[in-house]
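Reader: Please set out, in question and answer form, how this predicted model is organised.

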Amino acid sequence: MASEPVTGTSLQVLRRLDSGPRGLTDAEAAARLAAHGDNVPPRPHTPSVLRRALRGLREPFTAVLLTLGLVSAFVASWGTATVILALVAVSCALRATGERRADRSLAALRELVAGTATVLRRTDDNAVPRAHEVPVTDLVPGDVVRLGPGDLVPADVRLLRSRGLTVRQDALTGESAPVPKAAADLPEPDTDSCLCFQGSAVVAGSATAVVVATGPHTRYAAAGRTPQPREPSAFDRSVHGIAWALVRFMLLTPPLVLMAGAAVRGRGLETLPFAVSVAVGLTPEMLPVIVTTCLARSAALLARTRRVVVRRLPALHDLGAIDVLCVDKTGTLTLDRPVVARSLGPDGRDDPEVLRWAAVSAWWTLQLTELPAPDALDEALLDLAEAVGEQYDGIAALPVAPGRRLATAVVAGRLGHHLLITKGAAEDVLERCELSATERQRLLALAAREAATGHRVLAVATADRPSRTRPYTPADERALAFRGLVTFHDELAPGAAESLRTLTDLGVQVHILTGDHPATATRVCRELGLDPAETRTAPTDSDEARSGAGTRGGGAGPFPGGGTVVVARCTPEDKARVVSGLRAAGHTVGFLGDGVNDVAALLAADVGIAPRAAAAVARESADVVLAEKDLTAIGHAVTAGRRSSANIAAYLRVTLSSNLGNVLAMLAAGLLLPFLPMLPVQVLAQNLCFDAAQLAFAHDRPAPVELRRPTVLRPPAFLRFITGFGMLNAVADLATFGVLALALDGPDALDDQAVFHSAWFTENLLTQALVMLLLRDGRRLARGGRPGPVGWAAALLAAVGLAVPPSPLGAALGMTALPPAYHLLLAAVLGLYALALTVAKVRRGV
Ligand SMILES: Nc1ncnc2c1ncn2[C@@H]1O[C@H](COP(=O)(O)OP(=O)(O)OP(=O)(O)O)[C@@H](O)[C@H]1O
Ligand SMILES: [Mg+2]
């Protein structure tokens with residue numbers, strides 16, 4: 001690829017690329033593809049496993065563990081240091097491989113939602129160029145492409161012709177405001193405005209452009225930018241908050257143990273390894289692994305079974321947490337394949353002439369703006385009456401744009417005159433017609449009556465003006481003569497009704513935000529089985545400005561608690577504003593939308609979701625893409641997110657309460673006993689067993705009741721929970737201490753350190769297993785179900801707790817076999833503990 005093919009006039013650029021305004025022939029394109037390679041958009045840089053593992057060190061827990069390891073090494077406690085470092089290494093490695101597996105399984109599915117581009121190609125030199133949809137990967141330098149609203153710029157291109165083109169190039173510059181771009185036929189054009197770069201999104205307007213760079217040669221590839229990370233989800237923030245609360249507590253532990261030991265027992269720095277291992281025991285160091293594994297597994301499963309692509313893994317937790325879903329109507333709940341239903345005059349009677357005018361307008365808008373494809377309404381008009389446009393000469397076109405709900409084509413009329421043909425939203429067109437107030441009211445009511453049948457409605461008006469050479473602008477769309485209405489039937493999307501029902505059952509409130517007429521939207525909402533509690537019309541910015549006191553919450557005010565609200569006539573900003581307003585009111589909001597007019601809302605929501613047929617920009621802005629044709633997958637995706645969150649919350653609850661209990665008991669016993677209640681290496685070994693068992697949580701299937709509502713983790717309530725259950729656990733541990741004193745009677749029984757250590761080791765593992773069972777798997781077992789992964793892991797943990805002390809491994813760790821009498825007493829203590837735990841559980845309603 002020549003290094004600077006972009007300067008000079010358009011013609012010079014085309015020549016240098018050995019192309020022309022009519023594009024390449026198929027043979028040329030094929031040859032170039034072989035020479036230049038695929039136009040593969042730069043993949044987000046995938047870090048190596050090693051780099052991912054190193055990144056894992058930045059997790060708060062891993063960082064703290066590492067510090068504790070270094071402290072142990074510093075006081076030459078090599079055993080402790082080695083075990084801690086091994087722990088860190090295993091957790092980083094597990095996490096890194098989990099992440100990579102998730103990336104791999106998603107990459108395959110991303111191809112499924114990969115984009116296409118509209119390119120002009122000819123079969124041979126003399127053939128007429130035709131617009132084709134080709135995969136973006138097949139583009140080569142010299143290809144002439146067309147761009148329209150909603151497209152992603154498929155390669156670096158130089159504009160040849162453009163109309164009102166604005167693009168967002170935040171993928172490249174990070175700047176999210178749309179920038180205007182225009183073709184310029186100068187020898188030294190302003191390359192900033194006549195070049196569009198791969199990864200940019202067309203917001204409005206259209207253009208024809210020649211590809212100047214593809215694949216690795218594009219600016220985007222050269223910049224090597226990775227997308228801006230989004231702010232973490234509410235769930236992740238809670239997990240993080242809990243983590244940091246614990247880290248603080250943990251950092252307090254070693255000095256506390258040391259000071260208490262020194263004050264009460266006159267011990268010195270030799271207890272440091274013990275203090276450090278107690279702190280390690282408190283850490284849920286497997287948390288990052290469990291989070292990644294849960295997310296990765298759920299995402300991979302969703303991709304495989306439901307063909308849902310989660311483009312940003314943590315978005316799955318947001319999805320599980322949503323309590324409000326805002327949905328766009330056209331193209332999302334309906335197919336956006338409208339078919340003309342009626343054409344009626346101002347008197348409400350059928351009048352084919354109106355359809356004719358609308359079709360002429362559509363035809364010339366399409367011709368003069370060189371849109372790659374007509375929009376759905378125009379296409380429906382052209383399907384019925386394509387040829388009529390050719391009977392006129394087109395002069396100018398003012399197409400629809402974000403926030404502009406009408407389009408005008410200017411054609412040559414009778415001699416010396418131009419004819420303006422405007423079609424668009426009834427309110428907007430009627431506002432520009434010359435009518436008495438009562439007549440306008442009557443016509444608005446006529447449009448509303450048609451809309452109430454669920455049809456989409458366009459009003460058509462014309463104006464006869466003396467011809468002129470001055471360009472036309474929207475200011476010319478006034479004093480129009482009203483012609484009539486064209487109505488369209490649009491089918492419901494497959495699975496739309498079912499998926500909305502599922503969402504309602506899942507406790508998600510659904511609101512509809514649409515650019516369409518309120519009556520059409522309300523009717524569609526009813527057809528989908530939702531009875532709208534309220535239908536509103538979004539105020540336009542000018543309305544707000546006029547009234548002076550707009551409800552900035554989206555022109556929507558507060559939403560009622562219990563019903564669907566339809567907000568009609570939304571501009572793209574209105575949609576985003578409603579979403580932000582709902583978020584500000586404390587909801588976790590999802591947005592499901594398919595068009596350019598949904599991009600702002602997709603980005604404003606906690607989680608943006610795009611259906612399969614969405615415009616490329618919408619898909620690019622979404623966190624989750626539904627690759628299946630129908631919408632039913634969305635319910636499964638929400639459930640998958642909840643399952644993952646529920647598993648993580650369960651892990652935290654079980655692990656933290658039993659860890660905290662152990663630490664409290666150990667601190668107390670440390671003060672009561674003349675020796676350490678456990679050796680550092682034993683504390684760490686026990687910790688390793690816990691960690692291994694806890695991995696089962698990543699594979700658990702929570703009970704259906706837990707999935708009926710979003711999982712919310714409120715750090716204060718959560719910390720209260722673990723303190724309560726932690727205390728209970730500590731009491732059980734200390735009871736064991738008492739039991740030991742009873743069981744091992746004899747003058748110096750408690751001096752037998754090995755027996756004491758072994759007994760405590762067994763007891764700790766058994767209580768932890770019990771907590772896993774009772775706080776997690778109890779319900780399933782009580783219902784007579786088979787034990788899940790957590791049940792099996794608990795059983796294994798208990799077995800290890802009983803088997804290790806008498807084994808050679810136990811001996812190596814300084815443990816010994818326990819007298820049978822102890823086991824009986826232990827069983828009694830555990831029984832009491834289980835009882836207390838169950839009572840506490842019932843009282844807390846968990
Ligand atoms: N090609 C067109 N010609 C004239 N008017 C149009 C055309 N396309 C759309 N409009 C008008 O603009 C309105 C708003 O369109 P917009 O794309 O914002 O939303 P929508 O497609 O109606 O609905 P949704 O927001 O649910 O996708 C339409 O309801 C219609 O009245
Ligand atoms: Mg839409």
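Reader: Which residue is the bridge partner of G590 in β21?

Author: Strand β20 (residues 589-592) and strand β21 (residues 607-610) pair in the parallel sense over three bridges. G590 has its bridge partner in β21, and that partner is V607.

Reader: Which helix packs on the sheet and touches β10, β17, β19 and β20, and what angle does its direction make with that of β20?

Author: The strands touched are β10 (324-327), β17 (509-513), β19 (565-568) and β20. The helix that packs there is α20 (residues 572-584), and its direction makes with that of β20 an angle of about 160°.

Reader: What angle does the direction of helix α23 make with that of β22?

Author: Helix α23 (residues 633-672) also packs on the sheet, where it touches β9, β20, β21 and β22 (624-626). With the direction of β22, that of α23 makes an angle of about 145°.

Reader: In what order do the eight strands of the open sheet lie, and which are the edge strands?

Author: The pairing in this open sheet is mixed, and the order is β9-β22-β21-β20-β10-β17-β19-β18. Two strands pair on one side only, so the edge strands are β9 (308-310) and β18 (534-537).

Reader: How many residues surround ligand 1, and which are the closest?

Author: By class, the shell holds six nonpolar, seven polar and seven charged residues. At least two residues each come from α14 (376-385), β13 (406-412) and β14 (417-424). The shell comprises 20 residues, and the closest are K329, T330, A425, T514 and G515.

Reader: Is strand β15 mostly covered or mostly open, and how many of its residues are buried?

Author: β14 and β15 run antiparallel and are joined by eight bridges, with G424 standing opposite A459 in β15. β15 also pairs in the antiparallel sense with strand β16 (residues 481-489), over seven bridges, and V486 in β16 is the bridge partner of L458. Strand β15 (residues 456-466) is mostly covered, the number of buried residues being eight of eleven.

Reader: Does R307 count as buried or partly exposed, and why?

Author: R307 is found in the loop between α11 (287-306) and β9. Although R307 is not a glycine, its phi is positive, about 50°. There are 17 C-beta neighbours inside 10 Å, so R307 counts as partly exposed.

Reader: Is D336 buried or exposed, and why?

Author: The loop between β10 and β11 (339-344) contains D336, which has a positive phi of about 55° although it is not a glycine. With 21 C-beta neighbours inside 10 Å, and a threshold of 20 or more, D336 therefore counts as buried.

Reader: What percentage of the residues of the protein chain count as buried?

Author: The secondary structure of the protein chain comes to 29 helices and 22 strands, and its C-alpha trace spans about 125 × 60 × 45 Å along the principal axes. Of the 846 residues, the buried share is 52%.

Terms used:
Residues numbered from 1 in each chain as written. Chains lettered and ligands numbered in written order. Predicted model: local features only at pLDDT ≥ 70, side-chain atom pairs only at ≥ 80, totals over all residues. Near = placed C-beta within 6 Å. Helix = DSSP H or I, 4+ residues; strand = E, 2+ residues; numbered from the N terminus. Nonpolar A, V, L, I, M, F, W, Y, C, P; charged D, E, K, R; others polar. Buried ≥ 20, exposed ≤ 12 C-beta atoms within 10 Å, placed from the backbone. Contact = placed C-beta atoms within 7 Å. Axes fitted to C-alpha atoms, helices over the stretch in contact; angles between N-to-C directions.
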